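Subject: The structure I promised you

Hi,

Here is the structure we talked about. Have a look at it first, then read on.

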Amino acid sequence: MNPERLLEQEKISYARVSPPCPVFGACGGCSLQDLAYEDQLALKRQRLSRAFAPLDGMPAWELIGLEEPWRYRNKAEFTFGSADGTLTLGYHAARSFWRIVDFEDCLLMPEAAMRATRLVLRLATEAGLSAYHPRTHEGFFRYLLVRASRASGRLLLCLMTAPGPREPIERMAEAIRAQEPAVASCYWGVTARLADIAVPETLTRLWGEELFEERVGPFTVQLHPLSFLQPSLVQAERMYDRLSEAVAGFSDGTGWDLYCGIGLAGFYLARRVRKVYGVDSEPHHLKLAEANAARNGVGNIEFKFGKVETLLMDRRFWLQEAKPDVVVVDPPRAGLHPQALSSLLAARPRRIVYFSCNAQSLVRDLAVLLKSFPRYRLASAQAYDMFPQTNHVETVLVLER
Ligand SMILES: C[S@@+](CC[C@H](N)C(=O)[O-])C[C@H]1O[C@@H](n2cnc3c(N)ncnc32)[C@H](O)[C@@H]1O
């Protein structure tokens, strides 16, 4: 069944409310705004129960909602487009690769971030250059990445373009500096990629602070424009607290933080065990992870660069010197590579805490883990509504033996 019909069927048993966003339905960003928030949670709970039904011994899901399900995001990527010759800046339209839905406000982002976004659109329009078209591969302006710090209320902007002139970008950046005091730094990213992915090949800081500071639980971390951070820090803190509870009782033990990003899960883990090893395949994440560990006085964590699936093949190191008692994994949507699963099984930690944003890959990986080593049992299943108004949910599953 096509996804829209499936969604309509899922919504049948709930009363509809009037969606507050004027582009609801047209914009591909939110699809649950026409349900009351409690009903969004009920629907997500139902989906989780259905998706995990094939697993034996699955505990009941606990789904934790957000007290304030609007303006909770700390980051957004907007795409430039064009409508009747006018530049637009927004999200992809539902069911469209090319069409961009333009809007004055996104109710998931802080107001200052949206004010800055509209300013960028006005300045880009005044610059007189066109939007990049992902089919013809012509045009200049591609994306705008906006990060908003909960700690300081300040913004980081990264304007991404196709290769082209620097001068109009510098002029725009200076106008932003003069007109929007909430902006703390301005970056310019250039990408010649044919794929529609907002990851620049070169990144230049035009003005302002190089890194962006954020407070997560007891840690103050610095972020790069492209660093990974969960969209809602309230929910992220709850997930990390859940991790801390799940790995209690191993104060003499060793922990792994696989797919560690800038190291946050590892810092929480490091308060519970004697030694932590963090692994990530992005050098810019690891550089910050190391700096953030030093900054927060986390001395018992060591970071290793590489792909989890290849790095862990060095069994002599990982199964002897670094043999884990507890492991936290937080892979991208695709889930664990078969080789990563096999290394995890060989290590047989006492607890595995699996953070996931994709139920499908999680069910697949858990089925392999439980079948290959039946002494693992699913100890708890928590879900965090990291993305109210949208279809997504973040889950934390604990396995133990
Ligand atoms: C969801 S983020 C993890 C965030 C982190 N755990 C946190 O709490 O902020 C996924 C991370 O996996 C990394 N990654 C993706 N594929 C990888 C691989 N094959 N091996 C190691 N790291 C990988 C990415 O660079 C990214 O930092």
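A quick word on the ground rules. This is a predicted model, where local features need pLDDT of at least 70 and side-chain atom pairs count only at pLDDT 80 or more, while totals for chains, interfaces and linings use all residues. Residues are numbered from 1 along each chain as its sequence is written, and side-chain values use heavy atoms, leaving out hydrogens and water.

Start with the domains, whose bounds come from an automatic or database domain assignment. The chain has domain 1 (75-210) and domain 2 (231-400), and their centres, taken over C-alpha atoms, are 33 Å apart.

Next, the largest nonpolar core. A nonpolar core is a set of buried Ala, Val, Leu, Ile, Met, Phe, Trp, Tyr and Cys residues joined through side-chain atoms within 4.5 Å; buried means under 20% relative accessible area with a 1.4 Å probe, protein chains only. This core holds 136 residues, and Phe80 and Trp256 touch the most other members. Helix H3 (residues 111-127) gives the most to this core, nine residues; helices here are DSSP runs of H or I, at least four residues, and strands are runs of E, at least two, numbered from the N terminus. Both domain 1 (75-210) and domain 2 (231-400) give residues to the core, so it lies between them. Leaving aside residues up to four places away in sequence, Trp256 touches, among others, Leu269, Tyr277, Trp318 and Pro324 (contact means heavy atoms within 4.5 Å).

On a 1 Å grid over the protein atoms alone, a cavity is a set of points where a 1.4 Å probe fits but cannot get out, and a pocket is an open set with protein on both sides within 12 Å along at least five of seven lines; lining residues have an atom within 4 Å of a point. Points are joined across faces, edges and corners, and a volume is the space filled by probe spheres set on them.

There is one cavity of 30 Å³ or more. The largest cavity holds about 50 Å³, and H4 supplies four lining residues, the largest share.

What is the volume of the second largest pocket? About 240 Å³. Of its 18 lining residues, Phe80, Gly81, Trp98, Tyr132 and Pro134 lie nearest its centre, and S2 gives the largest share of the lining, five residues.

Cheers

Notes:
Buried < 20%, exposed > 50% of the residue type's maximum accessible area, 1.4 Å probe, protein only.
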